Amino acid sequence: MNVEELKQRYASGERDFSIVDLRDTVMAEIDLSGAVLHGAKLDGTNLQRANLSRVDLSGATLNGADLTQANLSGADLSDAILDNAILEGAILDGAVLDRADLKDADLEQANLSQADLIQANLSGANLEAADLSGADLGIADLHQANLRQAALERANLTGANLKDTNLEGTIIEGGDSTLAT
């Protein structure tokens, strides 16, 4: 399947595109809200400003994908692999990212409020000025992550690995103060 066929099938009402292979394609500004892309291969794909709200991307691979300013509000990214992905300014509020691999991902100024990041791998990730208020980061790996000026109010950090994490200017009032290292 190519991008044009995907757009046509989506426009005709189809929503299940599980295991589709669209690596290294351009899908900037595409609207796939509510679609099922479980296990999809989207490595290197340009999804800038895409509407992926409530999309099921569980188990998908998005290594090096560009999701700058994409709307992933309420999306399911559990077990997804997003190593080196660009999610700068992305909207991920209420998204499920449990056990997701976001190693070295760029999440600068991303909105992750109320997101589920339980056991997520965020080692080396750039979360500068990200909104993680109310997020669940229980047992998440944040070692060597950049959380400079991130908002972590009411966030759950129980058991999170914060070794060598940059917390300069981070706002954590009202959050869990028992930070593991």
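The following dialogue explains how to read several features of the predicted model shown above.

Me: What kind of model is this, and how are its residues numbered?
Reply: This is a predicted model, in which local features need pLDDT of at least 70 and side-chain atom pairs count only at pLDDT 80 or more, while totals for chains, interfaces and linings use all residues. Residues are numbered from 1 along each chain as its sequence is written, and side-chain values use heavy atoms, with hydrogens and water left out.

Me: How many helices and strands are there in the protein chain?
Reply: Helices (H or I, at least four residues) and strands (E, at least two) are DSSP runs, numbered from the N terminus. The protein chain has one helix and zero strands.

Me: How does the radius of gyration of the protein chain relate to that of a compact globule?
Reply: The radius is taken over C-alpha atoms, and the globule rule is 2.2 Å times the number of residues to the power 0.38. For 181 residues, a compact globule would have a radius near 16 Å, and the protein chain agrees, with 16 Å. Along the principal axes, its C-alpha atoms fill a box of roughly 50 × 25 × 20 Å.

Me: Which residues touch the most other members of the largest nonpolar core?
Reply: In soluble globular proteins, nonpolar side chains tend to be buried together. A nonpolar core is a set of buried Ala, Val, Leu, Ile, Met, Phe, Trp, Tyr and Cys residues joined through side-chain atoms within 4.5 Å. Here the largest core has 60 residues, and Leu87 and Leu92 touch the most other members. Contact means heavy atoms within 4.5 Å. Beyond its neighbours within four places in sequence, Leu87 is in contact with residues including Leu67, Leu72, Asp106 and Glu108.

Me: Is Ser33 buried or exposed?
Reply: Buried means under 20% relative accessible area, exposed over 50%, and partly exposed in between (1.4 Å probe, protein chains only). Ser33 counts as buried because its relative accessible area is 15%. Ser33 lies in the segment after helix 1 (3-11), and its contacts more than four places away in sequence include Tyr10, Asn51 and Val55.

Me: Where is Thr68 found, and why does it count as buried?
Reply: Thr68 is also in the segment after helix 1. Its relative accessible area is 19%, so Thr68 is buried. Leaving aside neighbours within four places in sequence, Thr68 touches Gln48, Arg49, Ile86 and Glu88.

Me: Why does Arg9 count as partly exposed?
Reply: Arg9 has 27% relative accessibility, and therefore counts as partly exposed. Arg9 is placed in helix 1.
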